[in-house]
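Could we go through this structure together, one question at a time?

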Amino acid sequence: MNSQLKRGTLELCALSAVSRADCYGYELVNRISKCMEITEGTIYPLMKRLKESGLIESYIVESPEGPPRKYYKITQSGKEELQRLSEEWFEFTASVSELLKGEYEDDSGK
Amino acid sequence: MIAENKAEFFEQLGVELKRLGVEETTELMSDFEEHFSEGTRRGLSEEEVCRELGNIREIARSCLDIKSSMINSMVARDVQRKKVSLTKPGRSVPADPSLAASSDSVSKQDEDCVRSYTPEHSSAEIFPNAHPNDNSDAGTSENANANGAANSGGSGASTGTGANAGGNASNTKGGTFEKIGKTVDEVCDKAGKALNNAFGKAEDAMNKAGKTVGGAMGKAGDAVGDAMNKAGKAVGDAARQFRPSDSYRKHTSKDRRGGDIPPQFTKAKTNGGYKFVDVSGMKPNVNKGKLTFEVVLDVLLWLWVLPAVCAAVLAVFAGAGALAVQGVYCAVGNGAFYEFVFITRIFFTVGFFALATAVFNIGLLLFKAAMSLVRYIITRHVKAIYDI
């Protein structure tokens with residue numbers, strides 16, 4: 001898949017994943033990497049940036065079976081941003097699909 | 001660059017972050033620590049976790065607070081330089097599998113293969129009777145999708161070549177198609193090998209021809225070079241015969257300027273014309289015989305000869321002075337002098353002054369002689385002291 005597309009949509013995917021349920025680092029990385037192939041290590045810096053922008057926040061949960069885990073949770077502004085980005089995404093993909101379908105129809109008509 | 005263990009990962013990541021000037025990395029590092037501990041808790045090895053996390057340079061770059069478009073161009077540049085791979089490592093498979101090693105059955109399509117060739121027609125268009133979903137051993141999600149899409153008259157984006165498509169179709173229920181596919185494969189394989197052999201032989205022949213031609217040209221070139229060298233030397237020697245003689249060269253102004261200093265001036269060059277004994281760096285080594293002789297001579301000279309000479313010199317100067325005074329007196333003082341005729345008086349006056357000058361010069365010569373005598377004595381002393 002086009003790497004530029006991946007990069008642009010990673011933020012959107014991360015926000016979406018966290019909005020559905022709070023998750024910790026490893027879980028989030030796993031979830032995203034199942035759907036698309038990315039350099040998984042770049043997710044942590046991304047989360048750091050999202051935290052600095054105030055779109056997500058983190059809290060620590062002590063775990064009985066191991067070290068304390070850091071959970072990510074979406075904030076209100078994060079939800080708004082997610083909403084905006086997903087609208088943009090659907091608009092974008094719809095218009096691109098239209099274009100492609102239109103071209104294909106023109107070609108097969110010849 | 002992917003690390004092989006946790007320690008290496010953190011070390012390399014630290015280096016890369018420092019290189020990019022990223023500060024405040026403690027939280028990030030603890031995030032990765034957490035990731036590692038979770039991974040190992042789930043049964044993965046450190047190496048596997050490292051591989052999952054991916055290219056360290058890219059991770060470091062994603063920490064930079066720059067627009068994604070810039071990151072894209074940085075990553076694209078690195079991809080071009082083959083430093084970063086954005087997909088998981090996968091085998092690259094030749095586009096035409098008939099040239100691959102084993103082509104008896106259709107090669108198993110690997111999920112992660114990168115195919116560089118897309119056929120113009122889908123397999124469904126070539127073999128319309130092929131069953132859409134019956135892909136036994138050549139089945140991957142990609143291929144099934146492709147066939148399914150082909151069957152629905154969709155895009156011709158099935159991966160694989162025409163031959164491969166033929167092979168795929170042959171895996172369906174239809175024995176004849178299977179056989180046709182196999183024979184096609186074999187024929188292509190044989191043709192390919194034959195072509196390879198033929199081309200290989202041709203290549204060898206051309207290589208040999210090229211080497212011999214190259215060798216011959218090299219030798220020819222060497223011969224020409226030697227001949228030209230000799231010719232050049234001959235010409236140079238001949239030219240040198242006609243060079244102006246050395247004596248002529250001496251008379252050119254350039255050489256004259258650079259030539260030896262005429263002898264009459266060398267004396268003046270060294271120590272103002274006097275020869276001094278250079279005892280710098282020498283240790284005194286008294287020659288007692290010489291020194292006693294010098295001391296005796298000293299007594300003689302310093303106490304007798306020199307005062308006499310000085311007296312003489314003074315006398316001469318005094319005489320010169322007296323004469324000068326007399327001359328002056330003649331000119332202006334003496335009454336009787338005025339009895340002479342005017343011209344006589346002038347002769348007398350000038351005469352007296354001339355005589356005074358001459359005597360003065362004699363006195364000066366004597367003084368110089370005395371000084372050189374003194375210098376001579378001192379030199380003898382030095383020679384006696386250093387035993388030269």
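Author: Welcome! This is a predicted model, in which local features need pLDDT of at least 70, side-chain atom pairs count only at pLDDT 80 or more, and totals for chains, interfaces and linings use all residues. Residues are numbered from 1 along each chain as its sequence is written, while chains are lettered from A and ligands numbered from 1 in the order in which they are written.

Reader: In what order do the elements of chain A run from the N terminus on?

Author: Helices (H or I, at least four residues) and strands (E, at least two) are DSSP runs, numbered from the N terminus. Chain A has four helices and three strands. From the N terminus on, their order is α-β-α-α-β-β-α.

Reader: How many residues of chain B are in contact with chain A?

Author: Two residues are in contact if their C-beta atoms, placed from the backbone, lie within 7 Å. On that basis, 20 residues of chain A face a partner set in chain B of 25 residues.

Reader: Which elements of chain A each supply at least two residues of the side that touches chain B?

Author: By class, that side has six nonpolar, eight polar and six charged residues; Ala, Val, Leu, Ile, Met, Phe, Trp, Tyr, Cys and Pro count as nonpolar, Asp, Glu, Lys and Arg as charged, and the others, Gly among them, as polar. The elements are helix H1 (3-20), helix H2 (25-35), helix H3 (43-52) and strand E3 (69-74).

Reader: Are H2(A) and H2(B) roughly parallel or roughly perpendicular to each other?

Author: A:Gly25, A:Tyr26 and A:Val29 in H2(A) meet residues of H2(B) that include B:Asp31 and B:His35. The axes (lines fitted to C-alpha atoms, over the stretch in contact for helices) come within 9 Å and cross at roughly 75°. Angles run from 0 to 180 degrees between N-to-C directions, and those under 35 degrees count as roughly parallel, over 145 as roughly antiparallel, 65 to 115 as roughly perpendicular and the rest as oblique. The two helices are therefore roughly perpendicular.
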